[in-house]
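Subject: Structure for your review

Dear colleague,

I am handing over the structure below, together with a description of what was found in it. Please read the notes beside the coordinates.

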Amino acid sequence: MVVVGPSFEECFREHYPRLVAFGTSLTGDRDAARDLAQEAFARLHTNWAKIATYDEPAAWLRRVMSNLAIDRYRSRASERRAVDRLRNRASAVANDRLPDTEPWAELVAALPPRQRAIVTLHYGEDMAVADIAELLDINVNTVKSALSKARDTLRSTWEGHGHA
Amino acid sequence: MPDNTPDPIPDATADARLRQLAQSSLAAEAAMVDTEADLATLQARLAGEVTPSATTSSRPAPVRWLAAAAAAVLVIGGIVAIAWTRTGGDGDRVAPPPASPTPTGPAATRAVADPSVVVAGGSVTITPANVVERNCADIVTARPIDWSAPEVGLLVGGRWHFDPSGATKPTYPPCVGETTADPLTLVIPTDMPEGRWDLCVAVDRNPASCATVTVVSGLVTTTTAAASGWGSAVPAVVVPGSSLTITPAEPVDRECPEVITAIQLDNNASNFGLIVNGRWQSREPLGPPFRYPSPEPCRSSAEPASIAVPFDFPTGLFALCVNRQETVAVQSTPDPGCATVTVEQAPMETCWTEPVPPPTLTDGSAPGELSYNEHGWASWGAVGSNEVQQWLHSQPNPWFDGRLSWWFDDPTIMLPHVASGPIRAAIGAMSDNPAVPRIVLVRGADGCDRTYLLPETSDEDAQALAQAWVAALADTWCRTEPIAPPSLVDGAAPGEPVFETWGGGQAARWGDADSPNAVRHPFGVEPDPQWLDAEVAAGRAITTDRFQATAIPVGDPPLGMITIFVRDLSSDCLLQYLVGPGLLDDEAEALAQAWVNALVSGEAPAGPGHDSIGTEYFGRRPTGTGLAPFFEITRFSGDGTESDVLGPDEVGALFPSGALPDGSLVGVAGEHPQGRCENLPIVRRAEGEVVPFGNGSEVARTIAVAPDGTVFVTRDICPQGRWGDPGTRHELVLFTEPNNPAAVPQVLVTRESDPGAIQFNDGEVIIALGELRVEHVSPDGRYVVVREVFNPDQSRFHVVDRQAPGGFLTLPSSCDYLGDMVAPPRWADATTIVVARLCAEQREADVPSDALVGIGSGPVHIEAVDQAAGTVTWTASVPSVGPHGHSRTAGLSARRSDDGSVQAILTAGGDIERSGQTFALHGEEVVEITRAGYSELAFDPAELIHWWDARPDGW
């Protein structure tokens with residue numbers, strides 16, 4: 001029997017709800033976000049001896065969540081895309097459905113998953129561009145570029161919804 | 001009409017609104033989470049007690065019919081994602097890869113474990129990839145490959161020191177190990193947990209010292225698994241792409257068609273899912289565990305299920321079940337429908353780790369210097385200009401490797417691609433966005449599929465580049481690579497080549513060097529196309545829409561070699577192969593035709609199978625222009641497989657010994673003279689000394705000694721005359737008293753010289769037809785077989801009965817009119833003579849007995865004659881197979897088979913440049929046993945020795 005230690009439980013209680021919320025923004029699907037958040041914590045558990053010493057386990061969790069969400073997006077999008085391309089149809093990729101989620105998740109749903117992660121980390125978690133780049137292990141300029149494009153898209157969507 | 005378009009929102013305002021919306025939404029979303037419930041779920045999952053099922057979200061059913069394509073494109077998505085980030089694009093469809101160790105170049109070579117799967121208590125040998133500084137005292141460090149425990153354990157002297165909690169650290173003894181690449185064999189402790197471990201022998205645990213070892217307990221072996229209530233699996237250890245058979249322990253409910261449920265037994269059941277139609281469908285960790293294609297199982301059965309492990313199947317210890325599973329907790333209750341199977345990582349191929357320059361950069365220039373980008377990819381050319389990248393895999397990824405090959409191999413997925421010979425290239429991309437790099441998947445002549453990216457190239461340019469690359473690679477492949485022929489001469493698969501120097505260059509050889517099967521490919525030089533072109537122009541070449549081929553003798557077959565030219569018109573690749581010696585033109589042409597057939601159909605030529613004839617037999621084949629005797633004799637077992645080649649002593653023993661009962665040896669002194677009236681002295685030797693034969697002045701042109709010591713000779717009698725003068729004659733005589741100087745030889749057959757039979761006369765040498773040559777004597781010494789040379793190139797055979805001198809023996813026959821015997825008659829036993837003869841269309845009496853013309857035509861008839869009864873006891877023939885055209889003779893061998901009937905081998909139907917066919921005849925059965933390169937087959941190897949063969953001992 002594997003025992004989940006108190007410190008791990010504390011970490012779970014502290015970070016799990018916010019991680020689910022973050023995942024919901026990335027996936028547009030609350031149930032999927034819970035699945036992924038649980039998976040992230042399962043991985044945290046297997047690496048707990050090491051990660052527990054980190055100053056911010058939450059950063060590690062967000063990184064795992066981002067990657068899990070992108071993997072999930074790719075696997076589902078690529079299925080559709082393959083079908084579309086091989087059927088010689090338009091290669092538009094349908095976005096995940098948005099059942100009963102908060103407005104932010106609905107707003108960012110039109111973005112590619114990496115942009116969703118970047119804008120959510122930037123606006124929702126108030127993270128600086130450099131921190132996002134470090135967290136996601138990508139170039140700072142990539143973050144800036146993605147943030148700029150995402151902002152344009154969001155603004156367009158925002159205006160389209162009459163929120164001006 | 002009023003403009004209702006809102007004014008643009010200032011950036012600062014927009015940022016503030018977005019921040020407000022994001023933070024409030026996230027807070028609201030987080031507040032909705034039932035943390036305690038989900039914590040309980042996670043704890044249960046980590047404890048392995050229940051199926052993780054936190055959510056019940058409905059997901060669209062996967063599109064089964066193109067799941068494979070989806071997977072392939074998914075992979076490409078990953079490729080593009082990485083490249084896209086690298087090029088700084090907007091990433092509108094793709095994203096950087098999951099955080100993982102970034103390769104910095106070709107993967108370091110790792111140590112090798114043998115075996116790679118070890119039952120606890122067993123031993124394993126770890127061989128470092130190169131010299132490493134070993135731990136002292138043969139200490140080996142162990143770490144779970146999946147990092148499920150962060151700590152490193154020690155294996156010391158078969159004992160296990162490991163604390164997964166990390167509370168106690170392993171301690172090393174104060175000693176220094178050797179620096180060596182020697183392998184280390186260690187015993188896996190019986191208490192070492194199951195799972196996949198990274199075992200390292202070096203102090204610094206560098207990859208060259210580390211090998212992956214899967215440790216399994218006895219419970220996962222097939223036999224114990226079956227006894228403990230599990231089903232069984234054969235084999236119990238597999239790699240993705242391989243096959244296995246699962247047999248339930250008892251009848252269980254099954255799906256139609258078969259569905260395999262897979263649950264990982266190690267690593268906290270982190271992988272589980274279904275294998276449906278050969279495809280792996282993994283389930284997400286916390287979703288419903290399994291969703292089966294059919295509502296209900298359709299049958300109950302204990303029959304075995306054979307499956308192929310999908311390429312993307314994860315590694316680890318799995319329960320593979322033919323019955324449905326409701327949860328992933330199968331490991332706690334052995335299930336008769338499940339078998340435990342270890343899925344190992346497929347071996348890493350250098351195809352995916354070694355950089356191989358593309359034929360050109362995107363602008364057609366040479367690749368130049370290799371560099372690595374920040375992702376560890378190989379890169380040639382200038383970034384933003386003519387750059388070509390190659391994706392190098394730092395870790396094995398069977399999922400990727402298997403899927404991409406479908407582009408070329410799976411007809412349901414196959415994408416349009418350019419091909420030439422074995423070279424393939426296809427382009428792909430994840431987006432229509434021209435800024436997204438194009439991918440070129442290239443299959444090289446080595447069979448490797450490599451992935452190149454063209455960051456700055458359009459679809460059209462990528463397609464053109466792919467075509468150019470294929471042309472360049474095919475050209476290189478054709479001119480510089482050893483290219484295996486479709487088969488060896490006998491149709492067998494060529495196997496691995498052996499390289500040898502050849503004509504100042506190099507040749508690859510398939511098949512044994514001394515075998516008629518061998519095929520050589522001189523590579524690195526461009527063949528002269530005129531030979532094949534001339535044959536094509538003359539309409540003599542083998543031609544199809546795509547291939548041309550012909551066989552051109554190099555020397556004088558069968559002693560010389562033959563070149564087979566094959567041209568692939570799709571790539572204009574001209575290849576030349578050398579076959580022989582030992583083959584005739586038609587055999588090489590037949591081989592060329594078989595190769596072309598194989599190339600066109602894509603199927604290997606028929607193998608070298610030969611029908612069994614129930615007893616061993618021998619074959620004679622030319623061996624080229626080396627040392628005498630210029631042939632060799634091969635022994636074949638009854639099932640047609642080659643047994644061995646007779647050695648020089650064995651071949652020498654096959655020649656007639658000329659031995660008399662007193663041990664002395666009789667022969668003629670010299671080679672058979674062509675000129676008539678030129679006899680040779682008969683020589684007798686005893687214990688190395690020359691002793692008299694008869695009166696000491698006897699002569700002969702040919703000679704044979706019967707087992708009873710009777711000596712038969714043919715000779716010309718020319719009293720003071722030249723051949724053709726009155727009184728000159730040719731005779732067959734026998735000596736029964738070789739030791740008696742006064743004994744007079746008995747004349748069996750006499751032929752007066754015929755001036756009309758003289759073929760050549762220069763005043764000194766006269767060559768004339770009609771000579772008799774002694775072939776052999778019957779086992780009882782009563783009958784002697786003679787060859788009559790009635791034509792410069794043609795012979796026939798006669799039997800002379802020493803008890804009925806004066807002429808040739810007339811044997812009963814099934815023919816209405818007797819034709820010539822075209823092979824030396826054989827005795828199947830003391831009284832049964834077997835002959836090969838032609839039937840004639842007119843009475844023998846109508847043809848003068850000494851007429852120098854052949855008598856009879858049509859197929860060769862094999863007849864067994866009981867000499868005691870004077871009856872034909874068996875006759876057989878092969879329709880349309882007559883004697884060899886050039887010699888009008890055939891090869892004949894006969895024996896009495898185990899069932900008492902007569903069995904024969906007939907070699908016939910050939911010509912001066914056409915090989916014969918060989919048949920085994922037995923009762924009504926006729927089996928062709930022709931072998932390319934073999935001129936004749938026989939039951940008795942002595943029957944393969946001909947009068948013109950040079951004795952190895954000089955006699």
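I begin with B:Cys573, which is buried, with a relative accessible area of 3% (buried means under 20% relative accessible area, exposed over 50%, and partly exposed in between, with a 1.4 Å probe and protein chains only). Before going further, please note that this is a predicted model, in which local features need pLDDT of at least 70 and side-chain atom pairs count only at pLDDT 80 or more, while totals for chains, interfaces and linings use all residues. Residues are numbered from 1 along each chain as its sequence is written, chains are lettered from A and ligands numbered from 1 in the order in which they are written, and side-chain values use heavy atoms, with hydrogens and water left out.

The partner of B:Cys573 is B:Cys478, and the two form a disulfide with their sulfur atoms 1.9 Å apart (a disulfide being a pair of cysteine sulfur atoms within 2.5 Å). With 95° about the S-S bond, this link of B:Cys478 and B:Cys573 is right-handed. The pair links distant parts of the chain, since B:Cys478 sits in helix 6 of chain B and B:Cys573 in strand 36 of chain B, 95 residues apart (helices, H or I with at least four residues, and strands, E with at least two, are DSSP runs numbered from the N terminus). B:Cys478 also counts as buried, at 7% relative accessibility.

Helix 6 of chain B covers residues 459-480, which is 22 residues, and it reaches 31 Å from its first C-alpha to its last, close to the 32 Å expected at 1.5 Å a residue (the expected span is 1.5 Å times one less than the number of residues). Its buried residues are B:Ala462, B:Leu465, B:Ala466, B:Trp469, B:Val470, B:Ala474, B:Trp477 and B:Cys478. As background to that list, an α-helix has 3.6 residues a turn, so residues three or four places apart point the same way. The buried residues of helix 6 of chain B pack against several strands of chain B, among them strand 25 (388-390), strand 29 (449-454) and strand 36 (573-579) (contact here meaning heavy atoms within 4.5 Å).

One joins B:Cys200 to B:Cys210, with an S to S distance of 1.9 Å, and the torsion about its S-S bond is about 110°, so the disulfide is right-handed. B:Cys200 lies in strand 10 (residues 195-200) of chain B and B:Cys210 in strand 11 (residues 210-216) of chain B, 10 residues apart; B:Cys200 is buried at 2% relative accessible area, and B:Cys210 is buried at 1%. Another is formed by B:Cys321 and B:Cys338, whose sulfur atoms are 2.0 Å apart, and this link is right-handed with 105° about the S-S bond. Because B:Cys321 lies in strand 21 (residues 316-321) of chain B and B:Cys338 in strand 22 (residues 338-343) of chain B, the pair ties together parts that are 17 residues apart in sequence. B:Cys321 and B:Cys338 are both buried.

Turning to the cores, the largest nonpolar core has 50 residues, of which A:Phe41, A:Leu44, A:Trp104 and A:Val119 touch the most other members (a nonpolar core being a set of buried Ala, Val, Leu, Ile, Met, Phe, Trp, Tyr and Cys residues joined through side-chain atoms within 4.5 Å). Helix 1 (residues 6-27) of chain A gives the most to this core, with eight residues. Leaving aside neighbours within four places in sequence, A:Trp104 is in contact with residues of both chains, including A:Val119, A:Tyr123, B:Leu18 and B:Leu21. A second, separate core of 45 residues includes B:Trp380, B:Leu465, B:Ile564 and B:Tyr577.

Some backbone details may also interest you. A cis peptide bond joins B:Val234 and B:Pro235, with omega about -5°, and B:Pro235 is placed in the loop between strand 12 (232-234) and strand 13 (237-238) of chain B. The peptide bond from B:Cys256 to B:Pro257 is cis as well, with omega near -10°. B:Arg888, a residue other than glycine, has a positive phi near 55°, and this residue counts as buried at 12% relative accessibility.

Finally, chain B as a whole has nine helices and 62 strands, and buried residues make up 50% of its 955 residues.

With best wishes
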